[in-house]
Amino acid sequence: MVVKQGAVIQDVSCLFFVSAATEERNIIITALLTFHQSTCIRFVWRQYFHQDFIHFFSGTGCWSSLGRQSQGQTISLRKNGCLYINTVQHEVLHALGFHHEQVRSDRDTYVSILTQNIEPGMESNFVKVGTNNLGTPYDFNSVMHYNKFAFSKNGQPTIVAKSNPSLNFGQATDMSVNDIARVNRLYQC
Ligand SMILES: [Zn+2]
């Protein structure tokens, strides 16, 4: 059940609002507090005069827009399937401006994308982006990295590490050192 409770959260540049039952709210808040522990991002409850904010709700999956959206943006965290610390961190990192690790500008040096195994219609999730990477190395342990079978149509890998084709990745349970460094560099902490 989703209940609007006016609960929330915000950071130095973004504001957040949570509409969810208490147990779900606590997971979201715990995840937001991990940013307090490791970055300069601070979340506060949304107040009436705050124009830009993030509203967490239980939608059709786990998703977020990229970067700040005017007049509030939504982060969907489906009650069954998205309420994990790493998933909340992942979606909040999108809201803070970060792309998936496997689409970063230098990814072709580190991974091969096996397009023949990608589910039709899902190819756009693998299109490279002109990211500047903020001086951080390619990171298989990033909470923003997909796993090697993401959007596979046939159980075969869609992403393979060039240095070691049997490497497993995309299983981070927490933000990596590089994820944290990027936040602090982007927000000039
Ligand atoms: Zn994502």
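This is a predicted model: local features need pLDDT of at least 70, side-chain atom pairs count only at pLDDT 80 or more; totals for chains, interfaces and linings use all residues.

Colleague: What makes His90, His94 and His100 donors of the zinc ion?

Modeller: A donor must be an N, O or S atom within 2.8 Å of the metal. The NE2 atoms of His90, His94 and His100 lie 2.0 to 2.1 Å from the zinc ion, and the three residues are its protein donors. Along the sequence their spacing reads H-x3-H-x5-H. Of these, His90 sits in helix H2 (residues 85–95) and His100 in the loop between H2 and strand E6 (111–113), 10 residues apart.

Colleague: Why is His90 called buried, and why His100?

Modeller: Buried means under 20% relative accessible area. His90 has 12% and therefore counts as buried; His100, with 15%, is likewise buried.

Colleague: How do you know that Cys40 and Cys189 form a disulfide?

Modeller: The criterion is a pair of cysteine sulfur atoms within 2.5 Å. The sulfur atoms of Cys40 and Cys189 are 1.5 Å apart, and the pair is assigned as a disulfide. Cys40 belongs to the loop between H1 and strand E3 (53–57), while Cys189 belongs to the segment after helix H3 (177–186), so the link ties together parts 149 residues apart in sequence.

Colleague: What makes Cys62 and Cys82 a disulfide as well?

Modeller: The cut-off is again 2.5 Å, and the S to S distance between Cys62 and Cys82 is 2.1 Å. This link is left-handed, with -85° about the S-S bond. The search of the whole structure finds 2 disulfides, and with the bonded cysteines numbered in sequence order the pairing is 1-4, 2-3.

Colleague: Why is Cys82 called buried and Cys62 partly exposed?

Modeller: Under 20% is buried, over 50% is exposed, and partly exposed lies in between. Cys82, at 0%, is therefore buried, whereas Cys62, at 32%, is partly exposed. Cys40, at 25%, is also partly exposed.

Colleague: How do you know that helices H1 and H2 meet, and through which residues?

Modeller: Contact means heavy atoms within 4.5 Å. Residues including Ile27, Leu32 and Phe35 in H1 meet residues of H2, among them Val88, Val92 and Leu93. The contact residues divide into 9 nonpolar, 3 polar and no charged. The axes of H1 (residues 22–38) and H2 come within 9 Å and cross at roughly 60°, and the crossing is right-handed.

Conventions:
Residues are numbered from 1 along each chain as its sequence is written. Side-chain values use heavy atoms; hydrogens and water are left out. Donors are N, O and S atoms within 2.8 Å of the metal (3.2 Å for Na, K and Ca); water is not among the atoms, so sites may look incomplete. Helices (H or I, at least four residues) and strands (E, at least two) are DSSP runs, numbered from the N terminus. Buried means under 20% relative accessible area, exposed over 50%, partly exposed in between (1.4 Å probe, protein chains only). Axes are lines fitted to C-alpha atoms, for helices over the stretch in contact, and angles run from 0 to 180 degrees between N-to-C directions. A crossing is left-handed if the near helix is turned anticlockwise from the far one by less than a right angle, and right-handed if clockwise. Ala, Val, Leu, Ile, Met, Phe, Trp, Tyr, Cys and Pro count as nonpolar, Asp, Glu, Lys and Arg as charged, and the others, Gly among them, as polar.
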